[in-house]
Amino acid sequence: MTEKREYRMAELARLAGITVRTLRFYRERKLIPPPRREGRIAWYDDHHLARLRTIAALLERGHTLNGIAELADAFDHGRDVGDLLGLGEPTEETPVRLTPEELAARFEGEVTPENLAAAMELGYLGTDGDELVHISHRLLEVSSALVREGIPLGEVLQAGVRVREHADALAELFADLILRHAPEPELHRLRPLARSVVEAELSLALDRRMRKQTD
């Protein structure tokens, strides 16, 4: 197990490539969490160092300090990874770990406090120390692809809420159907059949929608 490292203020500032004065300013603006205090000595750790490097990366990408402060607040008060994963990791989806600057790079200019809070509320994102965890690699890729196509992230997340409602209803329908005729363990074995039905019906529905558009 890696031993937790701690730093005095001057050492932390040096490692982060900033001045002690800047570090104090960031602390006063609550851009970084409070240090651990031992008497009159303030001790910082690797979480503080990671946060400072994130701030530097976001500043380089054109974010303002006010915007970063709002993001930091949303980040610090968001759902942690335990809440996100619930009783266990998804059985078929692959969670993805991201730094805040990696998330900002995927959704250029769209990672606002409002969108970050919405993604956490929807259950797409959770926090683990100074990292973010996205619940699904596939959903992350699709979301970023839609944003690259010019669709605002806020609207993508709003659509996600509606899709979640329909997906929950479909899962309930399939589970009820199976459990009327088979024991519960069969749910896991037969879930690919449910996914195939939904994918085929969605494909046909898109065909109908496109034909309607051209009529």
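1. Phe-107 touches Leu-140, Ser-143, Ser-144, Val-147 and Leu-153, leaving aside residues up to four places away in sequence; a contact here means heavy atoms within 4.5 Å. Apart from the core discussed in point 3 lies another core, of 18 residues, among them Ala-13, Leu-23, Leu-52 and Ile-55.

2. The model is predicted, so local features need pLDDT of at least 70 and side-chain atom pairs count only at pLDDT 80 or more, whereas totals for chains, interfaces and linings use all residues. Residues are numbered from 1 along each chain as its sequence is written, and side-chain values use heavy atoms, with hydrogens and water left out.

3. The largest nonpolar core has 21 residues, of which Leu-103, Phe-107, Leu-116 and Leu-125 touch the most other members. Two or more residues each come from H4, S4, H7, H8 and H9, and H7 gives the most, with four residues. A nonpolar core is a set of buried Ala, Val, Leu, Ile, Met, Phe, Trp, Tyr and Cys residues joined through side-chain atoms within 4.5 Å. Buried means under 20% relative accessible area, exposed over 50%, and partly exposed in between, with a 1.4 Å probe and protein chains only.

4. On secondary structure, the protein has 10 helices and six strands. Helices (H or I, at least four residues) and strands (E, at least two) are DSSP runs numbered from the N terminus.

5. Three strands form an open, antiparallel sheet in the order S1-S3-S2. Strand S1 (6-7) and strand S2 (36-38) are the edge strands, each pairing on one side only. S1 and strand S3 (residues 41-45) run antiparallel and are joined by two bridges; two strands pair if DSSP finds at least two bridges between them. Tyr-7 has Tyr-44 in S3 as its bridge partner.

6. Side chains of opposite charge can pair when their charged atoms come close. A salt bridge is defined as a side-chain nitrogen of Lys or Arg within 4 Å of a carboxyl oxygen of Asp or Glu, and by this rule the count comes to nine salt bridges. Among the residues involved, Glu-6, Arg-36 and Glu-38 are linked in a network of salt bridges.

7. Arg-195 and Glu-92 form a salt bridge through their side chains, at 2.9 Å from N to O. Arg-195 lies in helix H10 (residues 186-214) and Glu-92 in the loop between helix H5 (81-85) and strand S4 (96-98), so the pair ties together parts that are 103 residues apart in sequence. Both partners are partly exposed: Arg-195 has a relative accessible area of 31%, and Glu-92 has 38%.

8. A salt bridge also joins Glu-131 and Arg-97, whose closest N and O atoms are 3.1 Å apart. Because Glu-131 lies in strand S6 (residues 131-134) and Arg-97 in strand S4, this pair ties together parts that are 34 residues apart in sequence. Glu-131 is partly exposed at 30% relative accessible area, as is Arg-97 at 45%.

9. In the salt bridge between Glu-141 and Arg-106, the closest N and O atoms are 3.0 Å apart. The pair links distant parts of the chain, with Glu-141 in helix H8 (residues 137-148) and Arg-106 in helix H6 (residues 100-106), 35 residues apart. Glu-141 counts as partly exposed at 29% relative accessibility, and Arg-106 likewise at 28%.

10. Concerning overall form, the protein has a radius of gyration of 22 Å, whereas a compact globule of 215 residues would have one near 17 Å. The radius is taken over C-alpha atoms, and the globule rule is 2.2 Å times the number of residues to the power 0.38. The C-alpha trace spans about 70 × 45 × 20 Å along its principal axes.

11. Of the 215 residues, 32% count as buried. The protein exposes about 14,200 Å², of which carbon and sulfur atoms supply 54%; accessible areas come from the Shrake-Rupley method with a 1.4 Å probe, and for residues only the protein chains shown count as cover. Among contacts with a separation of 6 or more, residues 24 or more positions apart account for 68%.
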